[in-house]
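Have a go at each task before you read its solution.

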Amino acid sequence: MRTNVFLSSLALSSSLTEAAKLRGRQDVVTVTHTVIEAPATPTPYAYDWAAGATKDVPIHNSCNATERALLRRGLSDAIKLAEHAKDHVLRFGNSSEFYAKYFGSAPTAEVIGWYDKIVNGDKSGIWFRCDDIDGNCHQDGWGGHWRGENATQETVICPLSYTTRQPIEGLCGFGYQVATGELNFYFGSDLIHRLLHIPSIGEGVAEHYADSYADCLELAVSDPELAVRNSHTLQYFALDVYAYDIALPGEGCTGRTPEEASDEDSSPEPTATTETAPSTTQTGGTECHTHADGEEHCV
Ligand SMILES: *[C@@H]1O[C@H](CO)[C@@H](O)[C@H](O)[C@H]1NC(C)=O
Ligand SMILES: *[C@@H]1O[C@H](CO)[C@@H](O)[C@H](O)[C@H]1NC(C)=O
Ligand SMILES: *[C@@H]1O[C@H](CO)[C@@H](O)[C@H](O)[C@H]1NC(C)=O
Ligand SMILES: [Zn+2]
């Protein structure tokens, strides 16, 4: 015990100036008394409110080292997107044109809350696994799936994800634009969707209410209280504001839907369209997952 005290006082002193060292040495006397009086082990009655909780998404043992590293990286991208989306709303509230575009007249707190759950919520009991336990990964275009009724807190990530999903550093690159790009083009935004499907995060209400970009903008006008809990809207908003604030500051890469582009050739600003465009299927690869009711969902 004496050795411990002496070592810690050395560590303390080494970071102080000459003058402060004198005071540091005096502190040793005080510290020694404190340590001797303190019980050697914590009291068995100690209550640790955070015991068993973790902010990190648990990655299952079925993931090999490569999968684990790439998944950890993708999850960290999801956190960066969600954290910035939250910060943008905290900073600008509903005066943000992005906020108005995606969430209309809805109050901001629910939006902040979903992103905060992704960043700071307890992830214990969740598993992201790599063993294709439900035998779905062979299906064309499957990057992973929520396990639904087989294990509501679990998500399978298929090998396709590791070879196709882009890192957040590539946001606005590769010709990607928010209005026309795939929500799963970036691993981080794909994983935001998968996280929202997990009951302890999405609470069964952050769900699918509108899917295409045009439909999400329409939802902001027609049903703002659903827009704030629409999983695709939460993905689009996070991508759009990260692109504009961080990736290409003051510029971003919102782009325009084919409908917007033909309607109005001169508009450089993203504008919410109230016109109901038929939900066109996005081009490129598909992403599928199965929902609780067994419904297979491909985007
Ligand atoms: C924005 O929020 C304020 C309250 O902070 C509210 O009075 C106002 O109506 C909101 N504006 C819109 C367009 O929702
Ligand atoms: C649940 O497990 C069954 C049997 O293994 C499988 O057929 C089904 O597709 C699984 N459900 C999901 C959502 O993967
Ligand atoms: C780990 O998983 C990746 C992606 O699923 C796979 O390509 C690779 O061969 C695996 N590595 C080992 C050592 O099994
Ligand atoms: Zn979904």
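Two residues are in contact if their C-beta atoms, placed from the backbone, lie within 7 Å. In the chain, among contacts between residues at least 6 apart in sequence, 67% join residues at least 24 apart.

A word on the ground rules: this is a predicted model, where local features need pLDDT of at least 70, side-chain atom pairs count only at pLDDT 80 or more, and totals for chains, interfaces and linings use all residues. Residues are numbered from 1 along each chain as its sequence is written, while chains are lettered from A and ligands numbered from 1 in the order in which they are written.

**Exercise 1.** Find how many helices and strands the chain has.

Solution. Take DSSP runs, numbered from the N terminus: H or I of at least four residues for helices, E of at least two for strands. That gives 12 helices and five strands.

**Exercise 2.** Check the length of helix 3 against what its residue count predicts.

Solution. The expected span is 1.5 Å times one less than the number of residues. For the 28 residues of helix 3 that should come to 40 Å, and the end C-alpha atoms are 40 Å apart, so the two agree.

**Exercise 3.** Work out how helix 3 and helix 7 are oriented to each other.

Solution. The axes of helix 3 (residues 65–92) and helix 7 (residues 187–197) come within 7 Å and cross at roughly 85 degrees. Under 35 degrees is roughly parallel, over 145 roughly antiparallel, 65 to 115 roughly perpendicular, and the rest oblique. Helix 3 and helix 7 are therefore roughly perpendicular. Residues that meet here include Gly74, Asp77 and Leu81 in helix 3 and Phe187, Leu191 and Leu195 in helix 7.

**Exercise 4.** Decide whether Phe187 is buried or exposed.

Solution. Count other C-beta atoms, placed from the backbone, within 10 Å of the residue's own: 20 or more is buried, 12 or fewer exposed, in between partly exposed. Phe187 has 26 such neighbours, so Phe187 is buried. Across the chain, 35% of the 299 residues are buried. Leaving out residues up to four places away in sequence, Phe187 touches Gly74, Asp77, Ser161, Arg165, Gln166 and Pro167. Phe187 and Asp77 are 110 residues apart along the chain, yet their C-alpha atoms are separated by 7.2 Å.

Notes. Axes fitted to C-alpha atoms, helices over the stretch in contact; angles between N-to-C directions.
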